[in-house]
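Please look over the sequence and the model below before reading on. The report that follows takes up a few side chains and helices in turn.

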Amino acid sequence: MKGKEQKKPDHVPPKVPTIHLDSLAGKDDQHPSDKSRLTVLSQQSHRASNVESAVGFLSKRMSRRFGRRMSERKDSAHGMPHPAQPVPKMEPTYQLEPKGTFSSCAVEKLVKGVLHEQLDTIKYDARSCGNLTRTLVDDIKERVKSLKYERYKIICTVTLGENKGQGVMTTSRCAWEPKFDSYASYTLTNKNIFCTACVFGVYVD
């Protein structure tokens, strides 16, 4: 007996060819660009992984910084001082007048003594004039502070120049309380130099 003949299907799907990477890698002479493409793909994947790790690290770091800044802003908004910088507690003194007023006569005697002590034997030198005036200002301020005028701000100015017979005039203008604030000035003149020193005492509440 003859077996039954099998019927073939009307439509047969075409076979898809399978490409193996090993076969492509072995055919360097036929396909020289395939190996370079594989190398580029591996390098790109490696770079992408590095970029992802770097982005993750930076995002964590930025989130920590942002959290610290927000906490500091919340503390400052609620009036909470930073624990590392405590706010000193100051009690009001209710003192509106000085215990002792600025004495122009006493300060003028101090200024006169400093100028004669430092400038009697000095000849004018333009190169050392600046340092000399700063030394005079510091010395005068220290001696006036030794008088212990409490709550007074001491301001001192010194004008020094060569004496050649010229006329020099110095002026000043201040806004203060004439009842408590005052000043003292003295001018020294010799054959070589002239010097004018002014000391202002301003009471601060």
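## The surroundings of His 116

Leaving aside residues up to four places away in sequence, His 116 touches Tyr 186 and Leu 188. This is a predicted model, and in it His 116 and Leu 188 are 72 residues apart in sequence, although the distance between them in space, C-alpha to C-alpha, is 7.5 Å.

His 116 has its place in helix H3, and its side chain is joined to the side chain of Asp 120 by a polar contact of 3.3 Å.

## How helix H3 meets helix H4

The helix that holds His 116, H3, packs with helix H4, which covers residues 129–145, at an angle of about 145°, and the axes of the two helices are 10 Å apart. The crossing of H3 and H4 is right-handed. On the side of H3 the contact is made by Val 107, Leu 110, Val 111, Val 114, Leu 115, Glu 117, Gln 118 and Leu 119, while H4 contributes Leu 132, Leu 136, Asp 139, Ile 140, Arg 143 and Val 144. Sorted by class, the contact of H3 with H4 has 10 nonpolar residues, one polar residue and three charged residues.

## Aromatic pairs

How many aromatic pairs does the structure hold? There are eight aromatic pairs, and one of them is formed by Phe 102 and Tyr 152, whose rings are 6.2 Å apart from centre to centre with 40° between the planes, an arrangement that counts as tilted. Phe 102 lies in the loop between helix H2 (32–77) and helix H3 (104–119), whereas Tyr 152 lies in strand S1 (residues 152–162), so the pair ties together parts that are 50 residues apart in sequence. Both Phe 102 and Tyr 152 are buried.

A second example is given by Trp 176 and Tyr 183, whose ring centres are 6.5 Å apart and whose planes stand at 25°, so this pair is stacked. Trp 176 counts as partly exposed, at 30% relative accessibility, and Tyr 183 is also partly exposed, with a relative accessible area of 43%.

## An aromatic cluster

Phe 102 and Tyr 152 also belong to one aromatic cluster, which is formed by these two residues together with Tyr 149, Phe 180 and Tyr 203.

Notes. Residues numbered from 1 in each chain as written. Predicted model: local features only at pLDDT ≥ 70, side-chain atom pairs only at ≥ 80, totals over all residues. Heavy atoms only, no water. Phe/Tyr/Trp six-rings, centres within 6.5 Å; stacked < 30°, edge-to-face > 60°. Helix = DSSP H or I, 4+ residues; strand = E, 2+ residues; numbered from the N terminus. Buried < 20%, exposed > 50% of the residue type's maximum accessible area, 1.4 Å probe, protein only. Axes fitted to C-alpha atoms, helices over the stretch in contact; angles between N-to-C directions. Left-handed = near helix turned anticlockwise from the far one by under 90°. Contact = heavy atoms within 4.5 Å. Nonpolar A, V, L, I, M, F, W, Y, C, P; charged D, E, K, R; others polar. Polar contact = N/O pair within 3.5 Å; in protein donor to acceptor, adjacent residues only side chain to side chain.
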